[in-house]
Amino acid sequence: MRRKRLLALIGTAVTIVVVSVYGLLTAPDAGRASPGRTPGPTREITLTDEEPPGQAPTGPLVSPTPTPAPATPEAAAARYVEAWQDGNLTAMAALVADPPADFAGRHLDFDRDLRVSSLSLTLGETLREDTAAAEFAFHGVRRMEGFDDPWEFASVLHLARRDDTWKVLWTPETMHPSLRDGGSVQRTETAFRRPATLTREGEPFPRHSRADRYVSGLEGTVTVPALVERPSGRELLAARVPPLDGRRSTISRPVQAAAARALDGVGGPAAIVALDVRSRQVLAVADTLDEGQAAFTGLYPPGSTFKIVTAAALLRAGLTPDTPLPCPAAYTVPNGKSFSNDGGADHGTVTLTAAFAFSCNTTFAQQTYERLGGGRLAAEAADRFGFRVKPGLSTCRIGRGETRDELTTDAIGQNSVLASPLCMAEVAAAAASGVWRPAVMTDRPAPDLPAAVPLDDGVAAALRAMMAAVVTEGTAARAGLPPGTAGKTGTAEVGDGASHAWFVGYRDSVAFAVFVRHGGGGGAVAAPIAARFLRAL
């Protein structure tokens, strides 16, 4: 049988893998045209036994020793497959009937464009054989840079008798079936996000997270190749997308996305910081302040949001949420500074809760002057709410309030009181949980962080009720905040422009601070931003 003659000629089935040869054959050469590509300038390849002048030796491109013409189709097929595996394009062309002028270029371009690193071919069964023509099935396996899996294909080698010798009837689809009828194979590359830092859920940070100054390595990508058949668009082979293996942060992807999007459209520099009420892990930090890590370390007067701290000190000094207190339109400290309410509002006699909800500057100035002298306000802020120099992420400051004017101005979050948005988020979380503790961005807080400070249970419960009243009937009642929100507005006067706008608070397990530098009124500007943030959770 003819198949036995084939075995006698080649000994064993041809299955050879050549890797180093393909490194020589895939060097860039923009001058060749390949199937499915727009032809460029043509570089002629002369198939001779001599190396082209001026070029490095091309090894397998040239067959140095002529071999006898194959007498059988099996021998011709075996010799062609062997030459193809060896990358011997000269020998291949000699076995082809009327090879096209760009025969070698097509092979080189195909391997270069797809970055083929090795080829293995196995000649298969005889599909047809007579005195004038023969067909043999063959199987190929290509390996390519960037792919873990091999690219297998099956094709047919067509042969015909020409001048008493057997020749391969070569067409582009001999290289791969997808090249039939002018088709092509394109190597595509898709970038997948593979950042060095992930959210707590193990996912990439949301796009445009506005957290890049606080978390490193957010923009890492990996390029994954695929082979696509044209024009059908069918994917022939896809590389494996590597798993996400970055380090996890405390940031929650949905909370971070909500914070970042809540700042969309905000005209001035702003920041939102969100904490987990129980763990104090930072869940989100979105910052457009453009001042380093200003949401953590920037120092800004917190305005009336500081009344949370002042109210805690007054409650500890003997007031209750229901204590009736005057809230006149104006109040002057004896022999000292005058204070007024926003818009000159006179609320008459109200409870401490109502004075807090309406943000009565006059009430808090008078009660602080009468009850919190001797450094009691500064001690409350420093010892129970973190307003002191300390290790950790947040920054807060308060002076001692030596004069009555300094003390009463401190009481409404002006004068010496300075805080970062993170510091005020810590204040809100303390009111929500009844315990002050520093914010962290790790699962294992550093051992030198300040110890947690419990608030008096009665004080914490009163603060929660008062902060809820701000949203239901006070200065944030028209901000559109979702049910269950509690907080405090703040409008901090500054000498270099419009007031800073603040809103701090909590809802469920999330405590937060919203700050808009030179934004204006806290109830009109910051609280609606908080509403957008909370409704997106």
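This is a predicted model: local features need pLDDT of at least 70, side-chain atom pairs count only at pLDDT 80 or more; totals for chains, interfaces and linings use all residues.
Two cysteine sulfur atoms are taken as a disulfide when they lie within 2.5 Å. By this rule, the model contains 2 disulfides. When the bonded cysteines are counted along the chain, the disulfides follow the pattern 1-2, 3-4.

Cys327 belongs to strand 13 (residues 324-327), whereas Cys360 sits in the loop between helix 9 (352-357) and helix 10 (361-371), so the bond ties together parts that are 33 residues apart in sequence. The angle about the S-S bond of Cys327 and Cys360 is -95 degrees, and this link is left-handed. Cys327 is buried, and Cys360 is buried as well.

Another disulfide joins Cys396 to Cys423, and here the S to S distance is 1.7 Å. Distant parts of the chain are linked by this pair, 27 residues apart: Cys396 is in strand 17 (residues 396-397), and Cys423 is in helix 13 (residues 421-433). The disulfide of Cys396 and Cys423 is right-handed, because the torsion about its S-S bond is about 130 degrees. Both Cys396 and Cys423 are buried.

In terms of handedness, then, the link of Cys327 and Cys360 is left-handed, whereas that of Cys396 and Cys423 is right-handed. As for the elements joined, the Cys327 and Cys360 pair connects a strand with a loop between two helices, while the Cys396 and Cys423 pair connects a strand with a helix.

Notes:
Residues are numbered from 1 along each chain as its sequence is written. Side-chain values use heavy atoms; hydrogens and water are left out. Helices (H or I, at least four residues) and strands (E, at least two) are DSSP runs, numbered from the N terminus. Buried means under 20% relative accessible area, exposed over 50%, partly exposed in between (1.4 Å probe, protein chains only).
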